[in-house]
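Have the sequence and the 3D view open as you read.

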Amino acid sequence: RQPRPLPLSDFEEAREEIGKRLATQSSSVQRIFRALDEDKSGYLTYEEMKGLLRRFNIDMAPAEYLKLMHEIDPDRSGQTSYKEFVDYFGK
């Protein structure tokens, strides 16, 4: 049976939760990034980043997800580099 998604009301909660979960898997952060990078471009699109939320069973409202993505992707290029990913989540 699948665990119920963790509903988070804002992107700050989501960032903290993702950060905690990545910290416990720090040796596999690069592997997680590569697995999420479905097109192997070296970047995560906003759509690919949704895979991170699914992986950690986090449910967010679309508006809050967009706020989170704008924080992770400060240049708003529509994609997140590995450096942006690691810098944002504090690894």
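First, the ground rules. This is a predicted model, so local features need pLDDT of at least 70 and side-chain atom pairs count only at pLDDT 80 or more, while totals for chains, interfaces and linings use all residues. Residues are numbered from 1 along each chain as its sequence is written, and side-chain values use heavy atoms, with hydrogens and water left out.

**Layout**

The protein has five helices and four strands; here helices (H or I, at least four residues) and strands (E, at least two) are DSSP runs, numbered from the N terminus. Reading from the N terminus, the order is β-α-α-β-α-β-α-β-α. Of its 91 residues, 40% count as buried, with buried meaning under 20% relative accessible area, exposed over 50% and partly exposed in between (1.4 Å probe, protein chains only). The accessible surface is about 5,700 Å², and 48% of that belongs to carbon and sulfur atoms; these areas come from the Shrake-Rupley method with a 1.4 Å probe.

**Around α2**

Two packed helices are described by the angle between their axes and the distance between the axes. Axes are lines fitted to C-alpha atoms, for helices over the stretch in contact, and angles run from 0 to 180 degrees between N-to-C directions.

| Pair | Angle | Axis distance |
|---|---|---|
| α2 (residues 29–36) and α3 (residues 46–55) | roughly 125° | within 9 Å |
| α2 and α5 (residues 82–89) | about 130° | 11 Å |

That makes α2 oblique to α5, and α2 and α3 are therefore oblique to each other. On this scale, angles under 35 degrees are roughly parallel, over 145 roughly antiparallel, 65 to 115 roughly perpendicular, and the rest oblique.

Who touches whom? In α2, I32, A35 and L36 meet E48, G51, L52 and R55 of α3, a contact being heavy atoms within 4.5 Å. By class, that contact has four nonpolar, one polar and two charged residues. Ala, Val, Leu, Ile, Met, Phe, Trp, Tyr, Cys and Pro count as nonpolar, Asp, Glu, Lys and Arg as charged, and the others, Gly among them, as polar.

Over at α5, the contact is made by V29, Q30 and F33 of α2 with Y82, F85 and V86 of α5. Its residues divide into five nonpolar, one polar and no charged.

**K20**

K20 sits in helix α1 (residues 11–24). At 52% relative accessibility, K20 counts as exposed. K20 and F89 are 69 residues apart in sequence but 8.9 Å apart in space, C-alpha to C-alpha.
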